[in-house]
2 protein chains.
Amino acid sequence: MSKLIGNAIFGQSGGPTAVINASAAGVFTEALQQTGVIRKVYGAAHGIVGILNEKFYDMGQEDPSELELLKTTPSSALGSCRYKLAKAEVDDTDYKRLLEVFKKYDIRYFFYNGGNDSMDTCNKISKYLQNAGYECRVMGVPKTIDNDLFGTDHCPGFASAAKYIATTIMEVYLDARVYDIGMITVIEIMGRHAGWLTASAALAAHKGHGPDLIYLPEIDFDLDKMMADVKRIYAKEKKVIIAVSEGVQTKEGKFIPELVGEVSVDAFGHKQLGGTASVLADYFKKEIGCKVRGIELSLMQRCAAHLASKTDVDESFLAGQTAVRCAVDGMTDFMVGFQRPESGPYACEIKLIPLSEVANAEKKVPREWINDEGNFVNEHFINYALPLIQGESTVAIEDGLPRFARLKKVQAEG
Amino acid sequence: MSKLIGNAIFGQSGGPTAVINASAAGVFTEALQQTGVIRKVYGAAHGIVGILNEKFYDMGQEDPSELELLKTTPSSALGSCRYKLAKAEVDDTDYKRLLEVFKKYDIRYFFYNGGNDSMDTCNKISKYLQNAGYECRVMGVPKTIDNDLFGTDHCPGFASAAKYIATTIMEVYLDARVYDIGMITVIEIMGRHAGWLTASAALAAHKGHGPDLIYLPEIDFDLDKMMADVKRIYAKEKKVIIAVSEGVQTKEGKFIPELVGEVSVDAFGHKQLGGTASVLADYFKKEIGCKVRGIELSLMQRCAAHLASKTDVDESFLAGQTAVRCAVDGMTDFMVGFQRPESGPYACEIKLIPLSEVANAEKKVPREWINDEGNFVNEHFINYALPLIQGESTVAIEDGLPRFARLKKVQAEG
């Protein structure tokens, strides 16, 4: 296959992770080395929105040591977006504009980093460009703390969030039992539809310092059953720690704050729901009468680069690097995915998944990895997740605090 | 001075910290080495309560490598308490019981680790034993994330919490600006009466990734002024990050949830206040109409051993070790404190402070370290705090997660 010579653009999309910039580092480092093929390497400001607005940066002008620091810099260094493209059949305005920009800047390589929605975007753009007869290699780079992308063993970003969650719960576990009095601690974890992150609390339990109960969105939530579980453990231990996904809901589709919180309605008529952790903690306080603590791991679970998994950092970099290498070798229309050997020790093997298969499909925690009671995960999950959180990322430190990448962000010129 | 030969007991009191067990390691390691003087070394379960109930452990039976791991194990390994002793003149029941236990176990060294209330306890016990003619050396070992103990330059536990807060805010800062839309983030930090911890958010700002506004309990809170500050910054930047102490109140003594939250009353007639961060975030959403995020750093800020300051770990160990050495050398009735040279580079020097001076006095952030507007701290605070957060504690890792100390906790026999 003849070499496709031209420029490359990379964009970040969706919620950031602790390691999304490690994938950026992988793309940029590799693309900048492909000097005979890729002439200019652009970084889009705020993903697809930056491309539509011709707002992107010339990454060749960045200091290589700052690009290296991207590996340990959390959040989306280029800025992200949650922009949803219409179907081209319905409204092709954005697609036409994209094609115009791609032509103007001779963009022949498009790398897009994100989760389900972003892979859908990537797929739509790829198909449109093909139909328009514009030659461009399109590769998706996976990213999501939610770990719910189809076709890949796991997703960059998940393991670092899992390591943060497990470590933090181990620490909170010790803190929550210092006093010789009863206490119930509720820890709320991200994941609207898939319970991978909340299940990671089990890694702390595996080390003897974890929750007693774990509630995932995969299981229909039953408040009475939870209360019975909590009361039983409280009666015996006087300490209960509960890990609960923000996405947990009853089979009628009600979320926990709707069940036990005081729901107020704002000026727009939208229901204002309290946080799951705080309303559940208040509920236990009322029903059981003990000390309670509701903890929401909030943004920290997805941006704690200081506690990232080295395995995750390396694999995220690899995903970006591989996307570039595959595209230069002639591949297009794939997402870079991972698989592991069916038996023997863990290893991360590359697997290319057609974008059309990934787009909008969602991977959940298998029912057989959850216990019969639906309130914990079993050794299948531990065996799956433990290899992913191995190794400690080394964040550059300056004056006792992290030294994150500082990009010049030189605006590209057409 | 002749040597006082007998047994020693150590107890932990009040809220735990990331490094309180480092002081325990300092006391135990040193006391176990004083073989000619200290015969048995006991650890009290749940502080003074364990002594009253004769529930304490024989620390000589612990594996030295596990005592070493205490340096990087958060929370109170022996258990803590919030037990307040009556004045001996009013009710001497507990004192008589303590004396009885001290005599039964020939306890001649009493080390107590805690904050203001605990130093008061320590002082009362010391005076009672003196009046009773029972020879016992009593030394306080300081501990509090709140950093509000009188007479010492700073307190063990503060710097690690400060490092956690600054690092976490740097990470959240990056996360909170990934989207090209307006957003206000409110971060709630511990400290009921003193603003040291909240002020630590300024360390993140010092590195260019910190809050725009900082509100401490030292300054009378004015909601209208805060709203004007937030609106001004929002209009210009579209992103506002606010660090606010849970203890902030108006000059009439009203806390933020009382000002802007919906206060409900529970079955006992107690006011139920929402968290400061979440009610403030909701308030900004209503008033400004932008995306908001309320984040409470909760227990994590005091138990994040994985992010402890090496300086703090070392100094906490030193405080415990020094207490033992001083007591063996004949000193009693002091708290171990720290001071730094008046000029030149930071160094931690030991200073002994009479317990009677420490007890119940509270040290606040000086007014001149806070800006005129009362919404940020100045370089005096940075110069004070920065040396304290230097160095990264190395937590032992097993299988990608912390390996915390596992004590045998062999019950002592009289």
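**Exercise 1.** In this predicted model, determine at what angle helix H1 (residues 20-33) of chain A and H13(A) pack, and how far apart their axes lie.

*Solution.* Step 1: the two helices pack at an angle of about 40°. Step 2: their axes are 7 Å apart. Step 3: H1(A) passes H13(A) in a right-handed crossing.

**Exercise 2.** Identify which residues of H1(A) and H13(A) meet, and classify the residues of this contact.

*Solution.* Step 1: contact requires C-beta atoms, placed from the backbone, within 7 Å. Step 2: from H1(A), the residues include A:Ala22, A:Ala25, A:Gly26, A:Thr29 and A:Glu30. Step 3: from H13(A), they include A:Val313, A:Phe317, A:Gly320, A:Gln321 and A:Arg325. Step 4: divided by class, the contact of H1(A) with H13(A) has 11 nonpolar, 6 polar and 2 charged residues.

**Exercise 3.** Compare the reach of helix H13 of chain A with the expected value, and explain why H13(A) is described as largely enclosed.

*Solution.* Step 1: H13(A) spans residues 310-328, which is 19 residues. Step 2: the distance from its first C-alpha to its last is 27 Å, close to the 27 Å expected at 1.5 Å a residue. Step 3: because 14 of its 19 residues are buried, H13(A) is largely enclosed by the rest of the structure. Step 4: just after H13(A), A:Gly330 adopts a positive phi of about 110°.

**Exercise 4.** State how many residues of chain B are in contact with chain A, and which element gives the largest share.

*Solution.* Step 1: 55 residues of chain B contact 55 residues of chain A. Step 2: H6(B) gives the largest share of chain B's side, 9 residues. Step 3: that side of chain B divides into 24 nonpolar, 17 polar and 14 charged residues.

Note on methods: Residues are numbered from 1 along each chain as its sequence is written. Chains are lettered from A and ligands numbered from 1 in the order in which they are written. This is a predicted model: local features need pLDDT of at least 70, side-chain atom pairs count only at pLDDT 80 or more; totals for chains, interfaces and linings use all residues. Helices (H or I, at least four residues) and strands (E, at least two) are DSSP runs, numbered from the N terminus. The expected span of a helix is 1.5 Å times one less than its number of residues. A residue is buried if 20 or more other C-beta atoms lie within 10 Å of its own, exposed if 12 or fewer, and partly exposed in between; C-beta atoms are placed from the backbone. Axes are lines fitted to C-alpha atoms, for helices over the stretch in contact, and angles run from 0 to 180 degrees between N-to-C directions. A crossing is left-handed if the near helix is turned anticlockwise from the far one by less than a right angle, and right-handed if clockwise. Two residues are in contact if their C-beta atoms, placed from the backbone, lie within 7 Å. Ala, Val, Leu, Ile, Met, Phe, Trp, Tyr, Cys and Pro count as nonpolar, Asp, Glu, Lys and Arg as charged, and the others, Gly among them, as polar.
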